[in-house]
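Trainee: Hi! I'm new to this one and would like a quick tour. Could you walk me through it?

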Amino acid sequence: MTTARHPARHPPDPGDRARTIRFPPFWHAYVARQTEPRLAVLDELVDAHVERRVLRRYLRRLKHAILFAFVTAAAGAHWFSDQIAWLTERMPALRAFWTLITGGPR
């Protein structure tokens, strides 16, 4: 329980031993205090944290998608209104239609 194997950064020599991580007595005491109910509660807390993190990530992506769609739609509407205004200046039939839609010149 107190040893862990980590992959070496370089290929180990044939006579090389695995690295050992030694935890301080505080962690030994902490692990020894854990019981089944405490571990179950800890497991539930971790699951809840993971669920909240996934939900936050999903909502952040949804917010960014909505913001992108809104800005794109606004830019598109602005561009199309400029194009329609340019066309109506040059085509009398469209100018009459545009005047009908907008309610006439003010």
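Mentor: Happy to! One term to begin with: a helix here is a DSSP run of H or I with at least four residues, and helices are numbered from the N terminus. Also keep in mind that this is a predicted model.

Trainee: Okay, what does the secondary structure come to?
Mentor: The protein has three helices and zero strands. Along the sequence the pattern reads α-α-α.

Trainee: Where do those helices sit?
Mentor: Helix α1 covers 25-33, helix α2 covers residues 36-90, and α3 covers 92-102.

Trainee: How much of the protein counts as buried?
Mentor: Of its 106 residues, 3% count as buried. The protein exposes about 10,100 Å², and carbon and sulfur atoms supply 65% of that.

Trainee: Let's talk charge. Which residues gather in a patch of positive charge?
Mentor: That patch is made of Arg52, Arg53, Arg56, Arg57, Arg60, Arg61 and Lys63, and it is on the surface.

Trainee: Pick one for me. Where is Arg60?
Mentor: Arg60 is in helix α2. Its relative accessible area is 43%, so Arg60 is partly exposed.

Trainee: And which residues make up the patch of negative charge?
Mentor: Asp43, Glu44, Asp47 and Glu51 gather there, again on the surface. Asp43 has its place in helix α2, and this residue counts as partly exposed because its relative accessibility is 46%.

Trainee: How many salt bridges does the structure hold?
Mentor: It holds one salt bridge. The side chains of Glu89 and Arg90 form it, at 3.1 Å from N to O.

Trainee: Why can side chains like that pair?
Mentor: Side chains of opposite charge can pair when their charged atoms come close.

Trainee: Changing topic: which residues form the nonpolar patch on the surface?
Mentor: Trp79, Phe80, Ile84, Trp86, Leu87, Met91, Leu94, Phe97, Trp98, Leu100 and Ile101 form it, and together they have about 1,100 Å² of accessible area.

Trainee: Which helices supply at least two residues each?
Mentor: Both α2 and α3 do that for the nonpolar patch. Ile84, for instance, is found in helix α2. With 34% relative accessibility, Ile84 counts as partly exposed.

Trainee: One last spot. Where does Gln34 lie?
Mentor: Gln34 is in the loop between α1 and α2.

Trainee: Is Gln34 buried or exposed?
Mentor: Gln34 is buried, because its relative accessible area is 18% and buried means under 20%.

Trainee: What does its side chain reach?
Mentor: The Gln34 side chain reaches the backbone oxygen of Tyr30, at 3.0 Å.

Trainee: Great, thanks for the tour!

Notes: Residues are numbered from 1 along each chain as its sequence is written. This is a predicted model: local features need pLDDT of at least 70, side-chain atom pairs count only at pLDDT 80 or more; totals for chains, interfaces and linings use all residues. Side-chain values use heavy atoms; hydrogens and water are left out. Patches are made of residues with over 30% relative accessible area and no salt bridge: like charges are joined within 9 Å, nonpolar side chains (Val, Leu, Ile, Met, Phe, Trp, Tyr) within 5 Å. Accessible areas come from the Shrake-Rupley method with a 1.4 Å probe; for residues, only the protein chains shown count as cover. A salt bridge is a side-chain nitrogen of Lys or Arg within 4 Å of a carboxyl oxygen of Asp or Glu. Lys and Arg count as positive and Asp and Glu as negative; His and the chain ends are not counted. The place of a charge is taken as NZ of Lys, CZ of Arg, CG of Asp or CD of Glu. Buried means under 20% relative accessible area, exposed over 50%, partly exposed in between (1.4 Å probe, protein chains only). A polar contact is a pair of N or O atoms within 3.5 Å; within protein, one must be able to donate a hydrogen and the other to accept it, and residues adjacent in sequence count only if both atoms are side-chain atoms.
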